[in-house]
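Hi everyone, thanks for having me. Let's take a short walk through one protein together, and please look along on your own screen as I talk.

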Amino acid sequence: MIVKKFGIELDETDRVPKVVEEEMLQTSRQTLCEPEDVFLFCKNSLHLDRKAEEYVYLFCLNIRGKVIGIYEVAHGGVSTAQVSVREICVRAALTAGAVTMILIHNHPSTFVEPSAADEAITRRIREAGAIINIQLLDSIIIGGDNYYSFKEQHPEYFLNN
């Protein structure tokens, strides 16, 4: 399957933000819904396991679980990235026409346990997604050769989605 990675740029004429296709990435999977599959894709295609700064991506999926777009929604420093619910839910998920979404970010420290901020943003994105009828399937943290999946560790977060 070919997966498109998108970014947000300012239009040259009127300086309005617009979505632009940055690159096309290849995966042998037909869907990327399972945490380990997402981890392997992020490690092999986005190289999140070796980034020196935090990057936050949103995978937007259609009704069949096929990724219809990958969006970099935040990029920060060595220990934090400012994540905006607006960027995730409006600019990425709604623009892509997503039915479901997966939030992914890396921890350059390789320590994958979620911080209080990680837990809070996962909760806020899940709640905002529920309001606009876009289900958050998982929130995954990647650190080196390990990952942390909220879906695997806290399935109760996703029961009422």
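Let me start with the largest pocket, which has 18 residues in its lining. If you want to find its centre, look for E54, T80, A81, A117 and D118, the lining residues that lie nearest to it. One thing to keep in mind as we go: this is a predicted model.

How much space lies in the largest pocket? About 330 Å³.

Now, what sort of residues make up that lining? By class, there are 8 nonpolar, 7 polar and 3 charged residues. Two elements, β5 (100–106) and α3 (116–131), each supply at least two residues of the lining. The largest share comes from α3, with 3 residues.

Is S109 buried or exposed? S109 has a relative accessible area of 52%, and because the cut-off for exposed is over 50%, S109 counts as exposed. The side chain of S109 reaches the backbone nitrogen of F111 at 3.2 Å. Also try finding I142: S109 and I142 are 33 residues apart along the chain, and their C-alpha atoms are separated by 9.9 Å.

Last stop, the cysteines C42 and C60. C42 has a relative accessible area of 0%, so with buried meaning under 20%, C42 is buried. C60 is buried too, with a relative accessible area of 0%. And how many disulfides does the structure hold? The count is 0.

Note on methods. Residues numbered from 1 in each chain as written. Predicted model: local features only at pLDDT ≥ 70, side-chain atom pairs only at ≥ 80, totals over all residues. Heavy atoms only, no water. 1 Å grid on protein atoms, 1.4 Å probe; cavity = no way out; pocket = protein on both sides within 12 Å on 5 of 7 lines; lining within 4 Å. Points joined across faces, edges and corners; volume = space filled by probe spheres on them. Helix = DSSP H or I, 4+ residues; strand = E, 2+ residues; numbered from the N terminus. Nonpolar A, V, L, I, M, F, W, Y, C, P; charged D, E, K, R; others polar. Disulfide = S-S within 2.5 Å. Buried < 20%, exposed > 50% of the residue type's maximum accessible area, 1.4 Å probe, protein only. Polar contact = N/O pair within 3.5 Å; in protein donor to acceptor, adjacent residues only side chain to side chain.
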